[in-house]
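Please consider the sequence and the three-dimensional model shown below.

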Amino acid sequence: MPMVDIKIGNLLSETLEAIVNPAHPSLLAGSGLCGQIHRAAGPQLERLARLLGPLEFGQALLTPGYRLPQPWVVHAAPPKWQRETSQEWLLLLETFAAAVHCAGEHGLTSLAFPAMGIGVNRFPQELAASAAAQGIRLALRHYPALQVRLVVATDDIHRTYIQAFQQEGLLGTT
């Protein structure tokens, strides 16, 4: 079974081949981490996003990283948590899985995720962590050689994700 690393840090500083952008469905720069990624990548990413958008919830696509340290960005559009429905949780699970499939289908070897869903999308941490662990586990069955890392912002988020990934049997080094 492939293993996933989880660490506290800054996604934009990761040295893996690609990072996941928790994209707005329009693919345009938004608030939060999505906006930070667009600003760091430079105006080329925004121009390309205008041509490629919109992106449906639960889908992912690949673009160059432009001025980012990572050569590639996997854009995945997580849903917003608006009410307590299993449909939103399933869409978030599909979003994590779609990002892994996108990276694998393009032959990438490593991918770093943020804790998608818990920021501007307002998912409860435990539900977002569970969706991440299950979605990534399902997709890694098809791409067992893909190195996956989650990069989170705080100790609290780190503990929540560690627990969820342990339950799925995916925890590598932390």
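The account that follows begins with the chain as a whole.

This is a predicted model. Its chain contains 5 helices and 6 strands, and these elements are arranged along the sequence in the pattern β-β-α-α-β-β-α-β-α-β-α. Taken along the principal axes, the box filled by the C-alpha atoms is roughly 40 × 35 × 30 Å. The radius of gyration of the chain is 14 Å, which agrees with the value near 16 Å that a compact globule of 174 residues would have.

Buried residues account for 53% of the 174 residues. The accessible surface of the chain is about 7900 Å², and carbon and sulfur atoms contribute 52% of this area. As for charge, there are 12 positive and 13 negative side chains, and the centres of these two sets are 7 Å apart.

The interior may be considered next. In soluble globular proteins, nonpolar side chains tend to be buried together. In this chain, the largest nonpolar core has 42 residues, and the members that touch the most others are Phe113, Ile136, Tyr161 and Phe165. Two or more residues of this core come from each of strands S1 (4-8), S2 (18-22), S4 (72-76), S5 (110-113) and S6 (147-152), and likewise from helices H3 (86-105), H4 (125-140) and H5 (155-167). Helix H3 provides the largest share, with 9 residues. Apart from this core there is a second, separate one of 11 residues, which includes Ala41, Val73, Ala112 and Val151.

Which residues are in contact with Tyr161 once its neighbours within four places in sequence are left aside? They are Ile6, Ala115, Met116, Ile118, Gln125, Ala128, Ala129, Ala132 and Leu150.

His24 and Glu56 are separated by 32 residues in sequence, while their C-alpha atoms are 9.4 Å apart in space.

Notes. Residues are numbered from 1 along each chain as its sequence is written. This is a predicted model: local features need pLDDT of at least 70, side-chain atom pairs count only at pLDDT 80 or more; totals for chains, interfaces and linings use all residues. Side-chain values use heavy atoms; hydrogens and water are left out. Helices (H or I, at least four residues) and strands (E, at least two) are DSSP runs, numbered from the N terminus. The radius of gyration is taken over C-alpha atoms; the globule rule is 2.2 Å times the number of residues to the power 0.38. Buried means under 20% relative accessible area, exposed over 50%, partly exposed in between (1.4 Å probe, protein chains only). Accessible areas come from the Shrake-Rupley method with a 1.4 Å probe; for residues, only the protein chains shown count as cover. Lys and Arg count as positive and Asp and Glu as negative; His and the chain ends are not counted. The place of a charge is taken as NZ of Lys, CZ of Arg, CG of Asp or CD of Glu. A nonpolar core is a set of buried Ala, Val, Leu, Ile, Met, Phe, Trp, Tyr and Cys residues joined through side-chain atoms within 4.5 Å. Contact means heavy atoms within 4.5 Å.
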